[in-house]
Structures are given as C-alpha cells and as structure tokens.
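Visitor: I'd like to learn how to read strand pairing and charged contacts in a model. Could you walk me through them?

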Amino acid sequence: MPDGPLLALDDLATGGFAAAEAPVDGSVEALILHRDPDGGVRAWLNVCPHAGRRLDWAPGKFILSKDGLLVCAVHGASFETVGGLCTAGPCRGESLRAVAVAVRDGAVWLA
Ligand code: FES
C-alpha cells in the first residue's frame, strides 16, 4: 500500500486531470484527480457508473468537453467536475464516487 502522496501538485495542471492509484476501503483503486480553476483538487474513483469502465482513453488521458465536462471515453457519459454528476449520456443522473483528498506540502494526498 502506498503511503506517500498521490501526485505532486505540479503534475496536475489547473483545470486538468490525472490518474492515480490508492487504497480505498481496503483495496487499491484507480482514481481520477482534477484540479479546479480555483486551485482546489477533487478526486473520484476512475469507475464510470454506466458500465464500470475507466473513463480515460489511455492511462491518465481524460477527455474534457468544450463545456468543461469530463467525458467517459467508453460511451461518452458527461460529468460535471464539481460534484461528479453525470449530466448527459447513458448514466445521466448518476454520479462518480468521490474520494476525499487534501493538498499538503505541494502534493495531493488521501484525506
Ligand atoms: S462506461 Fe462510461 S459511458 Fe459507458
């Protein structure tokens, strides 16, 4: 089990996404990290509520729509990046599962 940071903050561009892995509820899970334009960092499980697939098209490569939505690469479900709610696509109304993270010492950590 990793006990270091998930990612250096410098590796997460403002408005961008990154992938990480971390223990959540006792098993290692793939995570999506997102840095808000205001500098805050959010994380969700990298598991689409539609069919349980990863959202990135290659590890750490996520699609951001021109409307600022995170788009699942598999079937195109679109998620808003504040609460992780799916606003369009096959799982509309469902949400990504949030994971608590914190920024400390220039890095992102599980909270
Ligand atoms: S698995 Fe994400 S939209 Fe189908």
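Visitor: What is the strand order in the open sheet of 3 strands?

Guide: In general, strands of a sheet pair through backbone hydrogen bonds, either parallel or antiparallel. Here the order is β1-β11-β10, with antiparallel pairing. β1 (7–8) and β10 (101–104) are the edge strands, each pairing on one side only. Strands here are DSSP runs of E with at least two residues, numbered from the N terminus, and two of them pair if DSSP finds at least two bridges between them. β10 and β11 (residues 107–110) share 4 bridges, and Val101 sits opposite Leu110 in β11.

Guide: A word on the source: this is a predicted model, where local features need pLDDT of at least 70, side-chain atom pairs count only at pLDDT 80 or more, and totals for chains, interfaces and linings use all residues. Residues are numbered from 1 along each chain as its sequence is written, and side-chain values use heavy atoms, with hydrogens and water left out.

Visitor: How many salt bridges does a search of the whole structure find?

Guide: Side chains of opposite charge can pair when their charged atoms come close. The cut-off is a side-chain nitrogen of Lys or Arg within 4 Å of a carboxyl oxygen of Asp or Glu, and the search finds 3. One of them joins Asp25 and Arg97 (2.6 Å, N to O). That pair links distant parts of the chain, 72 residues apart.

Visitor: Is Asp25 buried or exposed?

Guide: Buried means under 20% relative accessible area, exposed over 50%, partly exposed in between (1.4 Å probe, protein chains only). Asp25 is at 68%, so it counts as exposed, while Arg97, at 43%, is partly exposed.
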